[in-house]
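The sequence and model are shown first.

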Amino acid sequence: MELTVWGIITAIVVGLIVGALGRLVVPGRQNMPIWLHLLIGVGAALLGTVLARAIGIATETAGIDWTELLVQVVVAAIAVALVAGVGGRRRVTR
């Protein structure tokens with residue numbers, strides 16, 4: 001299981017995009033700063049790369065490895081959604 005430079009770069013880009021989108025999609029005020037969303041997205045996308053390589057989904061291709069990219073996006077989206085959901089939103093009680 002070898003991580004390639006391309007796999008790491010795509011994981012970082014995918015993680016930043018999914019982290020930012022996760023921040024935008026969750027409604028209401030959030031207790032988590034944007035940098036934490038981005039960090040979680042990048043970490044989960046890197047985990048998706050490792051996972052794809054470990055189970056043999058990722059293959060060496062001349063271009064974009066769409067299956068590895070899909071695994072990165074799915075893992076990052078799930079992680080951002082879980083952390084945003086667990087972190088909760090501020091509730092105003094009157």
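## Helix α1

Helices here are DSSP runs of H or I with at least four residues, numbered from the N terminus. The buried residues of α1 (buried: under 20% relative accessible area, 1.4 Å probe, protein chains only) are Gly7, Thr10, Ala11, Val14, Gly15, Val18, Gly19 and Gly22. They lie on the same side of α1 because they cover an arc of only 160° around the axis, taken from the directions from the helix axis to the C-beta atoms. The face turned away from this buried side carries Val5 and Leu24, both exposed (over 50% relative accessible area).

α1 has 21 residues and spans 30 Å from first to last C-alpha, close to the expected 30 Å at 1.5 Å a residue; the expected span is 1.5 Å times one less than the number of residues.

## Basis of the model

The model is predicted: local features need pLDDT of at least 70, side-chain atom pairs count only at pLDDT 80 or more, and totals for chains, interfaces and linings use all residues. Residues are numbered from 1 along each chain as its sequence is written, and side-chain values use heavy atoms, with hydrogens and water left out.

## Nonpolar core

A nonpolar core is a set of buried Ala, Val, Leu, Ile, Met, Phe, Trp, Tyr and Cys residues joined through side-chain atoms within 4.5 Å. The largest one has 13 residues, and Val18, Ile40, Ala44, Ala45 and Ala76 have the most contacts inside it. At least two core residues come from each of α1 (5-25), α2 (34-54) and α3 (66-87), with α3 giving the most, 5 residues.

Ala44 is in contact (heavy atoms within 4.5 Å) with Val75, Ala76 and Ala79, not counting residues up to four places away in sequence. Ala45, located in helix α2, is buried because its relative accessible area is 0%. With residues up to four places away again not counted, Ala45 touches Ala11, Val14, Gly15, Gln72 and Ala76.

## His37

His37 belongs to helix α2 and counts as buried because its relative accessibility is 1%. Leaving aside neighbours within four places in sequence, His37 contacts Gly19, Gly22, Arg23, Gln30, Met32, Val80 and Ala84.

## Cavity

A cavity is a set of points on a 1 Å grid over the protein atoms alone where a 1.4 Å probe fits but cannot get out; lining residues have an atom within 4 Å of a point. The largest cavity has a volume of about 40 Å³, the volume being the space filled by probe spheres set on the points, which are joined across faces, edges and corners. Its lining consists of Trp6, Gly7, Thr10, Ile64, Asp65, Glu68, Leu69 and Gln72, with α1 and α3 as the elements that give two or more residues.

Notes:
1 Å grid on protein atoms, 1.4 Å probe; cavity = no way out; pocket = protein on both sides within 12 Å on 5 of 7 lines; lining within 4 Å.
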